[in-house]
Amino acid sequence: GVGTVDLRAAVQKDAALHAVGVIAGMLKEDESWAPQLEPFILAHLLPEMEAPPTPHPSSIILKARCLSLMAQLGDVDMVEGRGTKRRLAAAVMRCMLRDQSVV
């Protein structure tokens, strides 16, 4: 889960997030995939970014990967009223201010 120190799960999640980052441009342009990006962000990126800071390297690496991926996905269309963009902005700012090892 989020915030745990399961290295194997962290490595697998990092690899999956990296793969999404590699094809992020194609996903944003594809009409069948683009609408699924906001739910992906809500389910997989925000929980990692909103987790309390920990000194464990796997946590730091996952947050850094999430920040990198958000740089690529930050301009996707999002449903109004869900507050996703506000939550993302707050999570990025928290990472920058509290998780100095990430930035």
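The model is predicted: local features need pLDDT of at least 70, side-chain atom pairs count only at pLDDT 80 or more, and totals for chains, interfaces and linings use all residues. Residues are numbered from 1 along each chain as its sequence is written, and side-chain values use heavy atoms, with hydrogens and water left out.

The protein chain contains five helices and zero strands; helices (H or I, at least four residues) and strands (E, at least two) are DSSP runs numbered from the N terminus. Along its principal axes, the C-alpha trace spans about 40 × 25 × 20 Å. Of the 103 residues, 34% count as buried, that is, under 20% relative accessible area (1.4 Å probe, protein chains only).

Glu38 lies in helix α3, which covers residues 37-50. This residue is buried, its relative accessible area being 3%. Its side chain takes part in the polar contacts tabulated below; such a contact is a pair of N or O atoms within 3.5 Å, where within protein one must be able to donate a hydrogen and the other to accept it, and residues adjacent in sequence count only if both atoms are side-chain atoms.

| Side chains | Polar contact |
|---|---|
| Glu38 and Arg82 | 3.2 Å |
| Glu38 and Thr84 | 2.6 Å |

Leaving aside residues up to four places away in sequence, Glu38 touches Asp77, Met78, Val79, Arg82 and Thr84, a contact meaning heavy atoms within 4.5 Å.

Definitions and conventions:
Buried < 20%, exposed > 50% of the residue type's maximum accessible area, 1.4 Å probe, protein only.
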